[in-house]
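Hello,

Here is the structure I promised to pass on. Have a look at it first, and then read on for what turned up.

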Amino acid sequence: MGKRILIVDDAAFMRMMIKDILIKNNFEVVGEASDGVQAVEKYMELLPDLVTMDITMPEMDGITALKKIKENDPSAIVIMCSAMGQQAMVIDAIQAGAKDFIVKPFQADRVVEAIQKALG
């Protein structure tokens, strides 16, 4: 199996779309979370190779979750997922340690390229 990935998005259909792309490209989806609080818990429990993290979520947003994950594991690899028009948040996320970002709606080749590049 390929690299182990945790998918974080508050929208179930978005998680399903990413999961579908990842599985078709030989990545292993080890878990899913629907908000930042779950994301941090699942990260610590599963220790995935990479996390795809939505920016806008209830409970705890993606940037806060990213910072908490990086506090616990400075080597964590996180790719942010954002809707169009969230440039300021994307910049905040990169400054907080995100490796890259992918824009919704997802394009399969861009998702795979970003993940492969981040895993280097």
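Not counting residues up to four places away in sequence, V8 touches A33, D35, A39, V51, T52, M53, D54 and M57. Please keep in mind that this is a predicted model.

V8 also belongs to the largest nonpolar core, which has 23 residues; V8, V51, M53, L66 and M80 are the ones that touch the most other members. At least two residues of this core come from each of β1 (4-8), α2 (36-46), β3 (50-54), α3 (62-72), β4 (78-82) and α4 (87-95). Another core lies apart from it, with 19 residues, including I5, L22, I79 and I115.

Now the overall fold. The protein has five helices and five strands, and from the N terminus on they run β-α-β-α-β-α-β-α-β-α. Of the contacts between residues at least 6 apart in sequence, 62% join residues at least 24 apart.

As for dimensions, the C-alpha atoms fill a box of roughly 30 × 30 × 25 Å along the principal axes. The radius of gyration is 12 Å, which agrees with a compact globule, because one of 120 residues would have a value near 14 Å.

Finally, burial and surface. Of the 120 residues, 48% count as buried. The protein exposes about 6100 Å², and carbon and sulfur atoms supply 53% of that area. There are 13 positive and 18 negative charges, and their mean positions are 4 Å apart.

Best wishes

Definitions and conventions: Residues are numbered from 1 along each chain as its sequence is written. This is a predicted model: local features need pLDDT of at least 70, side-chain atom pairs count only at pLDDT 80 or more; totals for chains, interfaces and linings use all residues. Side-chain values use heavy atoms; hydrogens and water are left out. Helices (H or I, at least four residues) and strands (E, at least two) are DSSP runs, numbered from the N terminus. The radius of gyration is taken over C-alpha atoms; the globule rule is 2.2 Å times the number of residues to the power 0.38. Buried means under 20% relative accessible area, exposed over 50%, partly exposed in between (1.4 Å probe, protein chains only). Contact means heavy atoms within 4.5 Å. Accessible areas come from the Shrake-Rupley method with a 1.4 Å probe; for residues, only the protein chains shown count as cover. Lys and Arg count as positive and Asp and Glu as negative; His and the chain ends are not counted. The place of a charge is taken as NZ of Lys, CZ of Arg, CG of Asp or CD of Glu. A nonpolar core is a set of buried Ala, Val, Leu, Ile, Met, Phe, Trp, Tyr and Cys residues joined through side-chain atoms within 4.5 Å.
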